[in-house]
Every structure is written in structure tokens, then in C-alpha cells.
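Let's take a walk through this model together. Have the sequence and the 3D view open side by side.

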Amino acid sequence: MLKWISGFFRELNANSNPAEIAHALALGVLLGFMPKTNALWYMIFVFFLFVRLHKPTYCISLLVVSYFAWMLDPTFASIGYSILTYKPFENFFAHLIDIPFVGFTKFNNTIVMGSLAFSIAMYVPVFVAGYFFVRFWRKRVAPTFIKSPLHKAVQKLPILGKLFEAAENKFN
């Protein structure tokens, strides 16, 4: 976990494209909201592990969002129920469930369908917020923190010093 956090801070302060970090953040949020008890989650997770992606940000955002996702289950259930009972889609979903492997995805579960729809809808706002956060961090927060006496105190701590080592190399 410490390796992921240090990788996150290293990329946050590196010259990499802010869109890469924002994309990883948005995909982590997408998977974080979905329940982990279906094959659809594992297919999406494995697919994005093989895509060029900032994996520490992806994994950290997935873990953080997963921890709090249960609080939105009633909302996901109502969204999923609305989608699954929408008259034009009922026949499509009925035929889709007859395909052997599709049943393992549990898309017919209201929470799975609702969390998937909610996550897809939240992708763009999370991406934009992540993009502007990275730009704000690089322009305002990191240079100010590097010059502060707090940074020098943190740098003396062995574990936390590694987290901010990448920022020091960039802004000094």
C-alpha cells in the first residue's frame, strides 16, 4: 500500500499528463462503486489492468471508493430498478439473461445495474475534477509545500520522507 501511495505522489508531481491520472481516478471510482460479487466487475478490473493506466491512482481510488460505496446502495437499487423495469428494455434484458455467461455478471441485480449506470454517469465529472486537481496541485500546493518548514520535518521521518521525495526532486 505504501508503494501505491508513493507512486501516486510521484506521478502527481511528475511531468506526466494530468489526464492520465484523472482517467485512472475516474476508472477507480467507476469500479469502486460496483459490487465485487459479480463477473462484470472482474472483467472490467482485469481489462483496465492491461491498458496503459496509472495503476497506483487506479488502485487507491478503487479502494477508497469501495470503502464508502455501501452508503449509496439504496440509491443504486432505485436507479437499477428504474433501468431494469423500463418498458423498452425489458425484452432485451430478458433475452440477455438467457445467454449462459451473462448470468454471472449479475447485471439483472438492481444494485449492480444502478451502480454501473451511476458510475458511467459520474465518469466525466470525476475526470474533470481529477484533471483540475492535478493541475492545481502542481501549480499551487506542491511548490508551496516544498518551501515550507513542515516539509523539512516530514522529510526527516523515514516513511513519510519517501512519499515526498519525488516532489522534492521536481521543484528544487
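Predicted model: local features only at pLDDT ≥ 70, side-chain atom pairs only at ≥ 80, totals over all residues.

Residues are numbered from 1 along each chain as its sequence is written, and side-chain values use heavy atoms, with hydrogens and water left out.

Start with the whole chain. You'll find ten helices and zero strands, where helices (H or I, at least four residues) and strands (E, at least two) are DSSP runs numbered from the N terminus. Of the 172 residues, 38% are buried, meaning under 20% relative accessible area; exposed is over 50%, and partly exposed is in between (1.4 Å probe, protein chains only). Take the contacts (heavy atoms within 4.5 Å) between residues at least 6 apart in sequence: 74% of them join residues at least 24 apart. The accessible surface comes to about 10,400 Å², and 71% of that belongs to carbon and sulfur atoms; areas come from the Shrake-Rupley method with a 1.4 Å probe, and for residues only the protein chains shown count as cover.

Now zoom in on a helix pair. The axes of H2 (residues 18–33) and H4 come within 7 Å and cross at roughly 35°. Those axes are lines fitted to C-alpha atoms over the stretch in contact, with angles running from 0 to 180 degrees between N-to-C directions. On the H2 side, the residues making the contact include Ile21, Ala24, Leu25 and Gly28; on the H4 side, Thr57, Tyr58, Ser61 and Leu62 are among them.

Lysine 87 is exposed at 63% relative accessible area, whereas glutamate 90 is partly exposed at 31%.

Finally, look at tryptophan 70, in the loop between helix H4 (55–68) and helix H5 (73–84). Tryptophan 70 counts as exposed because its relative accessibility is 58%. Together with Val64, Tyr67, Phe68 and Met71, Trp70 forms a nonpolar surface patch with about 610 Å² of accessible area. Patches take residues with over 30% relative accessible area and no salt bridge, joining like charges within 9 Å and nonpolar side chains (Val, Leu, Ile, Met, Phe, Trp, Tyr) within 5 Å.

Note on methods
Salt bridge = Lys/Arg side-chain N within 4 Å of Asp/Glu carboxyl O.
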